[in-house]
Amino acid sequence: MASGEMIVKGGFIIDPTRKIDGDVGDVAIKDGKIVDKVGSSAKVIDAKGKVVMAGAVDVHSHVAGPKVNAGRLMRPEDKFISGFCRSGMAQKNGYRMESGFSIPSVFKTGYDYARMGYTFVMEAAMPPLLAPHTHEEIHDTPIIDEGALPVFANNWFVMDYLRKGEVENTAAYIAWLLKATKGYGVKLVNPGGTAAWAWGLNCLSLNDPVPYFEITPAEIIKGLIEANEFLGLPHSIHLHQNNLGNPGNYPDTIAALKIAEGFKARNKFGRESVMHSTHLQFHSYGGEGWKDFCSKAKEVMDYVNKQKNITIDLGCVTLDETTTMTADGPFEHHLHGLNHLKWTNVDVEMETAAGVVPYIYDKNVTPNAVQWATGLELALYAKDMNRCFITTDHPNAGPFTRYPRVIKWLMSKKAREETIATMKNSDRMIGLTNIHTMDRELTLFEIAQMTRSGPAKCLGLGNVYGGLAPGMNGDVSVFNLNYKDLPKDAEKIETALQRAACFIKGGEVIVKDGEVVSHGHKKTVWVKVAMPENPQVTRDVSQAFTQGTYTVDIRNYPVREYLAPHQSVIDVNVEA
Amino acid sequence: MPKLIKGVGCPYCGSSCDDIEVLVSDDETKILEVHNACIIGTNLFHHANDPTRPKLPRRRQPDGTMKEIPYDEAIDYMAKTMLAAKKPLIYGFGSTNCEGMSAVARIAEKSGAVLDNCATICHGPSFLAIFDNGYPSCTLGEAKNRADVVVFWGCNPMHAHPRHTSRYSIFPRGYFTQKGAMQRTVLSIDPRETDTAKLADVHLMLDQGHDYELFDAFRTVLRGHDIPDVVAGIPKETIIKSVEIMKNAKFCMIFFGMGCTHTDGRNHNIDAAISLTRDLNEHTKASIMAMRGHYNIAGPGQVWAWQFGFPYCIDLSKGTHAHMNPGETSSVDLAMRDEVDCFVNVGADAGAHFPIQPVQHLKKHPFITVDPNFNMASEISDLHIPVRIAGVDEPGVVYRMDNVPIQFRAVIKGLPGVPSDEELFNKVYERMCELTKTEPIWLAAKEDRRYPESEAVI
């Protein structure tokens, strides 16, 4: 964190946390935090005629860990489209080499996020056994603050406790695992289905029993909401639903969302949601097969709009060649059966699984075009932009470097129509979606809600990230956009958002004119729960190691301190 | 009072057993006893006691002898030599920790080197197959808890990975395999009657070098087609019987070794094995795993994949971007063509494992070895820099053959003054920056980890 004072002067400030929409003003930073005012000797950053927002927050992105790396390793061809090479200047200054497009190297990940003005990124799925790997990658990723969500929904302990209705034991286990893995919250990926995949099976509906464990996905979801709220964690459960990617899956999606009904968020971090349903685009399809595969974004969003304790992110398809990777092992096997490209799978003992398959979203293939429309429609139907966040489920629906392009489509009907016009089967796609009839164009204020205040609040980090109120982190992004006279050509919005004119993190200038100029001071953010010891859980966990269900020693399981640099620990106290 | 340290990782093979118990002297300088490890692992720990272990770098003199020099001088020589070289080659890393691999990458970028690891002469063909076909695998605990059919193809764990069969693959009683070996059907596919083959229920003693045909025959039968009466020296009935066993498994686990990667067909054998695994998944659950050799040879593949996007044969000499093209940028091929003008051998023994012509070419240029022990490479080097032994007197992360990170610990204190790989490479990097008048870039993350504390706490 940089000491000293700084002032970002004269920009159009957009800050949804204080309902400021484009007023010209200054942002003052002192000792890495936003303050009311600074002295006259403060360093001045001229933002006149530019948009000034808080640093952005990514709620869901696969950027570090074993499956991300499996994708990098298996796809040397992804490096051919890296796009950006280390310039002579960067080379001379010792900036690390950048590689990869859909699954960029850790260095490129940090630099690219910074260039777009992102300050915090949540790694969306960390297999607990492999947590040291995830942390080693986070350790090597420059600039951005990161947290990681361990996966729980196919964990043997969780399924066993919940089968017996033991929510408190589940909560105690969550507390132990978050501490052991330095994790942030409770991720669910295809509840029960991934566990079934260990035998080559799946749970497609919410009521399919998990083999051996005799529990249903619905029971796992409900139980984990209860455990999450029992603990009062900063983030709600983070749910990747069952039956991802299949035609006609939207009724299952709504059924899973309905599980949240009647629950109320219980925490002291300002979070109001009890369920975050991630990459909803993949779960909002109608039709019985690929021929009548269509968007049901409206139906899904009608439910989400009226159910206030749910947050969602989009998972927008960006029409690129990318790499899909998820702890939804059976889905990746299924996807491989569709496209017959290479397939990597990693089943993790007692805990989870993962799969990786390259995928080319081709705008001339009707289902891909429908997917593209579905993602955008979700946002265009949303009423409360503080509960709807921009993601591409990086890299599943497209790389995170396409966020500015997604924003372009959301902000400009003309841009959407231009893309539709290039599609070979545009007429068919129009018939299967609503995108063509939608005139809504989001404002930059709404984009700021979707990328800053909204996700920060949903993660329980609303007091430090996502806004420019005094006391919050001194993370400021400045873009070359004149708010009073936004360019008619939406391409220019994309260009401006791709490379921040200036990005300040912790009071330190990280990016200037789109170029990284500092490696900053990154943090690893995790949640430490203090609660009375639970002898049952302690015994169960240690037995899993001593009786040899795990193949590692319990002493070597928890992530060691030195692997997680600059820890920012969020303490949660649970009363006895 | 001697201290018994439990849950220690073993610095030998890819099984990376972490259930070793080591009894150390009260002052933590001597290893007294080693429990649970195989004979090779046990001896590796005891080697650390060897009073003749090198404690100072040794530099070759004009008269051909080796003379001990201070570390600073060695670091200065290494930095200058690598900067002066047009295309240095850094090779090895089977037997060190990931911290060292991460640190060496900084030097490699700075000097425009080629970065390669031992996979280049062992499981490199497996990487080629993975690039083409993916890798449907799992952690070893899945094999232990579920596998009722285990196939060993071109590998002999009874000798190469001595505790693999007892910890993971044949004998252990897992959650769904309570009867241990009784519950498992073992297939061995090997041209020799190895000690693993002797344990197998079915041993397919194929003609040497005909693995691809046999894999192909397995796939053909699995897909319901007819095959010739004899394939690769194996009768049709045996093949059909073996395929039935695999197909009817609840969980079929295929382990393959260098009998596949280094026989005729090479990467194509692995390609076929992966396809077979994929085909089996249409019927049941099947997984495949490479029997990686050293305790952390999976490590460089992981570390460099997250740093550069490639697991091995990484040419950083272009400066702008990393480039990988095995055959062009692989160690042995580069050396065969005499394309490198400085060689750094780290935690491996290129002197023993490379063919003679590449070694002769490499020997024409500065030759540096970084290794805790004397070995053939160190004895032909211009400079030998001793370091601590990762897993014995230096902690760190290693990746087991199934890519599970295991956090190894140090059981004894390191030799006074002898740095870890990471410390050494960081110092060389600092010296390089001084020489080129540039600022070292550690990434903020580095600050906490430059010299890690050795003890781990649960």
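Chain B is divided into domain 1 (3-47), domain 2 (58-120 + 295-407 + 415-448) and domain 3 (124-290), with bounds from an automatic or database domain assignment. The centres of domain 2 of chain B and domain 3 of chain B, taken over C-alpha atoms, are separated by 35 Å. The model is predicted, and local features need pLDDT of at least 70, side-chain atom pairs count only at pLDDT 80 or more, and totals for chains, interfaces and linings use all residues. Residues are numbered from 1 along each chain as its sequence is written, and chains are lettered from A and ligands numbered from 1 in the order in which they are written.

In chain A, the axes of helix α5 (residues 156-163) and helix α6 (residues 167-181) come within 8 Å and cross at roughly 165°; axes are lines fitted to C-alpha atoms, for helices over the stretch in contact, with angles from 0 to 180 degrees between N-to-C directions. Helices (H or I, at least four residues) and strands (E, at least two) are DSSP runs, numbered from the N terminus. α5(A) and α6(A) are therefore roughly antiparallel to each other (angles over 145 degrees).

K182(A), in the loop between α6 and β9 (187-189) of chain A, has a positive phi of about 50° although it is not a glycine. K182(A) counts as buried, with 28 C-beta neighbours inside 10 Å (buried: 20 or more other C-beta atoms within 10 Å, C-beta atoms being placed from the backbone). H279(A) also has a positive phi, of about 30°, and is not a glycine; with 27 C-beta neighbours inside 10 Å, H279(A) counts as buried.

Methods. Parallel < 35°, antiparallel > 145°, perpendicular 65-115°, else oblique. Buried ≥ 20, exposed ≤ 12 C-beta atoms within 10 Å, placed from the backbone.
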